[in-house]
Amino acid sequence: MSDPLPDYYKILEVSPTATQQQIRDAYKKQALKSHPDRVPSDSPERPARTKTFQRINDAYYTLSDPSRRRDYDSARTYSSYSSSSTADDPEEEEIPRDPPRTSGSFPWSAFGFGGGAKTQNQEETFSNDQFGGVFEEMLREEGMAEGDHAAPTSKFWSVVGGLSGGAMGFIVANFPGAIAGAVAGNRLGAVRDARGKSVYSVFQELPQGDKARLLSQLAAKVFAHAVGS
């Protein structure tokens, strides 16, 4: 017997009639709340956070694309119908049925990124990549990234430099093209990534503690309009 169809609307905490923008905003909120890097790498919370983060990314992958969303809604309707039919007549022999299909749709098991066939590493890579694109969009909105490649701005470096001494050491060690004098005091904002890395690439290379602090800061302050109070 196959696993029940996940309720992706419930996972993102949105209505089935939500607009695409509402789904995107909900993803930002839930991803920032549950991101595994908000806790230390050895935290007992991390495995549960990772699974939640992956479910949120599966939900967003499915609902953010109109075609995938239509297929999912059709399967969801079929699932509800099948469940109610079985409940009405428990003595009726269960007859396997394929979920509704439309042109270009894919099997029920493929909802989310690759369905049950994906490995843990593939799941984590996909979740991180998908979050990275939205992360860069959010930083652009806040003036922390610019251009097609989401290059860090002075505002981003000011925030990163204020996290801890570890972050400051990371900047000095990894960006030799920066003028040394700019990596100090009020001039930290002048630091630039000479190798053209995006803000998310820089984020991924930060020390663990600084990633946690940056995510918490984004969720609590910078993106208060997305995550609420």
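**Helix packing and a pocket in a predicted model**

Helix 3 supplies the largest share of the lining of the second largest pocket, 4 residues. Helices (H or I, at least four residues) and strands (E, at least two) are DSSP runs numbered from the N terminus. The model is predicted: local features need pLDDT of at least 70, side-chain atom pairs count only at pLDDT 80 or more, and totals for chains, interfaces and linings use all residues. Residues are numbered from 1 along each chain as its sequence is written, and side-chain values use heavy atoms, with hydrogens and water left out.

The second largest pocket has a volume of about 170 Å³. A pocket is an open set of points on a 1 Å grid over the protein atoms alone, where a 1.4 Å probe fits, with protein on both sides within 12 Å along at least five of seven lines; lining residues have an atom within 4 Å of a point. Grid points are joined across faces, edges and corners, and the volume is the space filled by probe spheres set on the points. The lining of this second largest pocket comprises 14 residues. His-35, Pro-36, Asp-37, Arg-46 and Asn-128 lie nearest its centre. Helix 3 (46-63), helix 5 and helix 8 (199-205) are the elements that each give two or more residues to the lining. By class, the lining holds 4 nonpolar, 6 polar and 4 charged residues. Here Ala, Val, Leu, Ile, Met, Phe, Trp, Tyr, Cys and Pro count as nonpolar, Asp, Glu, Lys and Arg as charged, and the others, Gly among them, as polar.

Thr-50 is found in helix 3. Its relative accessible area is 14%, so Thr-50 is buried. Buried means under 20% relative accessible area, exposed over 50%, and partly exposed in between (1.4 Å probe, protein chains only). Beyond residues up to four places away in sequence, Thr-50 touches Pro-36, Gln-120 and Glu-124. Contact means heavy atoms within 4.5 Å.

Helix 2 (residues 20-34) packs against helix 5 (residues 120-141) at an angle of about 105 degrees, with axes 11 Å apart. Axes are lines fitted to C-alpha atoms, for helices over the stretch in contact, and angles run from 0 to 180 degrees between N-to-C directions. Helix 2 and helix 5 are therefore roughly perpendicular. Angles under 35 degrees count as roughly parallel, over 145 as roughly antiparallel, 65 to 115 as roughly perpendicular and the rest as oblique. Arg-24, Tyr-27, Lys-28, Ala-31 and Leu-32 of helix 2 meet Gln-130, Phe-131, Val-134, Glu-137, Met-138 and Glu-141 of helix 5. The residues of this contact divide into 6 nonpolar, 1 polar and 4 charged.

Helix 2 also packs on helix 3, where the axes come within 10 Å and cross at roughly 170 degrees. Helix 2 is therefore roughly antiparallel to helix 3. On the helix 2 side, the contact includes Ile-23, Arg-24, Tyr-27 and Ala-31; on the helix 3 side, it includes Phe-53, Ile-56 and Tyr-60. The contact has 7 nonpolar, 5 polar and 3 charged residues.

Leu-214 lies in helix 9 (residues 208-222). Leu-214 is buried, with a relative accessible area of 1%. The C-alpha atoms of Leu-214 and Gly-162 are separated by 9.7 Å, although the two are 52 residues apart along the chain.

The chain has 10 helices and 2 strands. Of its 229 residues, 41% are buried.
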